Amino acid sequence: MREVWTTGRIRAAEDVVLARTQPGALMRRAAFAVSVHAARMLRERSGRVAGCRVALLVGAGNNGGDALWAGAFLRRRGVGVTAVLLAPDKTHTEGLAALRRAGGRVVTAADVSSERSDGDSNALATADLVIDGIVGLAARGGLRPDAAALVERVTAPIIAVDLPSGVDPDTGAVTGPAVAAAATVTFGAYKPLHVLAPAASRCGEVHLIDIGLRPELGEPDFRVLDPGDVAARLPLPKPADDKYTQGVVGVAAGGSTYPGAAVLTTSGAVLTKSGMVRYAGSAADVVRARWPEVIATGSLSDAGRVQAWVTGPGLGTASGARETVREVLAADVPVIADADAVNLLAAHPDLWDAREPGTPLVLTPHEREFARLAGDIGDDHVAAVVAAAKRCDAVVLLKGHSTVIADQDGRVLVHYTGRAWPATAGSGDVLSGIIGALLAAGVEPLFAAGCAAWLHDSAAAIAASGAPTPASLIAEAIPAAIRALEPKT
Ligand SMILES: NC(=O)C1=CN([C@@H]2O[C@H](COP(=O)(O)OP(=O)(O)OC[C@H]3O[C@@H](n4cnc5c(N)ncnc54)[C@H](O)[C@@H]3O)[C@@H](O)[C@H]2O)[C@@H](O)CC1
Ligand SMILES: Nc1ncnc2c1ncn2[C@@H]1O[C@H](COP(=O)(O)OP(=O)(O)O)[C@@H](O)[C@H]1O
Ligand SMILES: [K+]
């Protein structure tokens, strides 16, 4: 499990470690790691390290200090290094001295921005690699105009120190010009921006360097599941199981207007686990035709017992749909409410009264549905989802390029992979079926949602394998996604 801390918590841990280490030791440790990754990138891209040219973009703080020290280390390996100072009067003193001692060149941003074509002003144009030390943990808002103008002139790949400058470290928001890095070297802990869209897609590959903060960090602010976490929670049939004991999934979705939603949601449930899936609704014939193994009935009252209900996709918002959501919420089993079920809950507050207190509920809005349910999402998605989960006394999964999931206790999971194949009509229906299958099997709701987001994205990547894929094929790739995890049977 990858753990993530917000910058305030990281700064507090840094203060403790700084107090017991030699002045500058932490920075040199961080900077050395940057130089190692920079050297590796140079070798990969140009087949050599000595003789390459690196430009450093140096801001006013310690992030610039890291870049300067990294430049000094690279000089020792025969790299030609030029530092471009954005704030010459406030540049990190020891870092600058170290670079000068090592034979690095130093110019100002004004030199580079002028149209001269001497060595100094060409530092960016001739660089094989650029190190972004403009701003780190202290970043607020997009890049300031002078920094943005500098970054605009860069054509070489960029390695970001701690984070790509210009993004918000705690929310991942990108509200103005920002660096897009080929790789990021970060220190002590992953920060929210490394996994939250849109900033995460500007990081490239993120390398975490241990600078001794972990013992001081305490509980993380949120977590990212890895394949092992998902594999450990997947419900696989055991020798003593039969079709009922694994948890029966009920699907109350789709209808005569959207029969496809019924099929896609059911597909997600059928393909995620063994056991049984029931369907209740007016698309019963269509569902039966696609999945003969599903026990399909026309109405909820005939559906039989289930251990979790999935409702919402393609349900519509007419009075019949409202009654379906009401009945499902009253059924005293875990419920996953997606799409129109979210819209109905937002529009008809009385529906919440139908819910059996304490019965797990997972809500899976996209941003527009979230706005109806809980108001404008704002820049801080994690805070908004945590607040909504508390208010709704539910697990809330916000869909998007980063999936943000919170439960009523404030625990948060984030899923980010940098792929966008799931952004296709009906893929959310498949996701809700996967969540339903995991809920019915007894997986804890927060992790049912988290593992489902992971499986869904992995299935989409397998189905797509480099070309767009429709939602039905995402569902069909769920077994391959499970097999790739090699869960223990
Ligand atoms: N505290 C420590 O011991 C360590 C800190 N480290 C480095 O220190 C960094 C934090 O350093 P600082 O707190 O000095 O601050 P930063 O270096 O992050 O910020 C420096 C300055 O950038 C300017 N700035 C803010 N937003 C900007 C924007 N949008 N565009 C352009 N400029 C902007 C501000 O004037 C700010 O004071 C970390 O990110 C990390 O790189 C590492 O050396 C590891 C050790
Ligand atoms: N840009 C994106 N990158 C990655 N995944 C995305 C992106 N946009 C949407 N998704 C995912 O695709 C799915 C879309 O669900 P949803 O919006 O409910 O669509 P539909 O209602 O058509 O099924 C969700 O799992 C969501 O997280
Ligand atoms: K940076």
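Reply: Let's start with H2 and H3, whose axes come within 8 Å and cross at roughly 55°. Axes here are lines fitted to C-alpha atoms, for helices over the stretch in contact, and angles run from 0 to 180 degrees between N-to-C directions. H2 and H3 are therefore oblique to each other; angles under 35 degrees count as roughly parallel, over 145 as roughly antiparallel, 65 to 115 as roughly perpendicular and the rest as oblique. Helices (H or I, at least four residues) and strands (E, at least two) are DSSP runs, numbered from the N terminus.

The crossing of this pair is right-handed, meaning the near helix is turned clockwise from the far one by less than a right angle, with anticlockwise being left-handed. On the H2 side, the residues that meet H3 include Met27, Arg28, Phe32 and Ser35; on the H3 side, Asn62, Asp66 and Trp69 are among those that meet H2. Contact means C-beta atoms, placed from the backbone, within 7 Å. By class, the contact of H2 with H3 has 11 nonpolar, 3 polar and 2 charged residues. Ala, Val, Leu, Ile, Met, Phe, Trp, Tyr, Cys and Pro count as nonpolar, Asp, Glu, Lys and Arg as charged, and the others, Gly among them, as polar.

Before going on, a word on the ground rules. This is a predicted model, where local features need pLDDT of at least 70 and side-chain atom pairs count only at pLDDT 80 or more, while totals for chains, interfaces and linings use all residues. Residues are numbered from 1 along each chain as its sequence is written, and chains are lettered from A and ligands numbered from 1 in the order in which they are written. The protein has a mean pLDDT of 95, and 98% of its residues reach 70 or more; pLDDT is the predictor's confidence in each residue, from 0 to 100. For the complex, the predictor gives an ipTM of 0.93 and a pTM of 0.95.

Now the ligand. Helices H1 (7-19), H2 (25-46) and H3 (62-75) each supply at least two residues of the shell around ligand 1, and H3 gives the most, with 4. Of the 29 residues around ligand 1, Gly61, Asn62, Asn63, Gly136 and Ala138 come nearest; a residue is near if its C-beta atom, placed from the backbone, lies within 6 Å.

Ligand 2 has 16 residues around it, with Lys399, Ala420, Pro422, Ala423 and Gly428 nearest. Helix H15 (residues 427-440) gives the most to this shell, 4 residues, and the shell's classes are 6 nonpolar, 8 polar and 2 charged.

Last, a backbone detail: a cis peptide bond, with omega about 0°, joins Ala197 and Pro198. Pro198 sits in the loop between strand E7 (183-187) and strand E8 (205-209).

Note on methods. Two residues are in contact if their C-beta atoms, placed from the backbone, lie within 7 Å.
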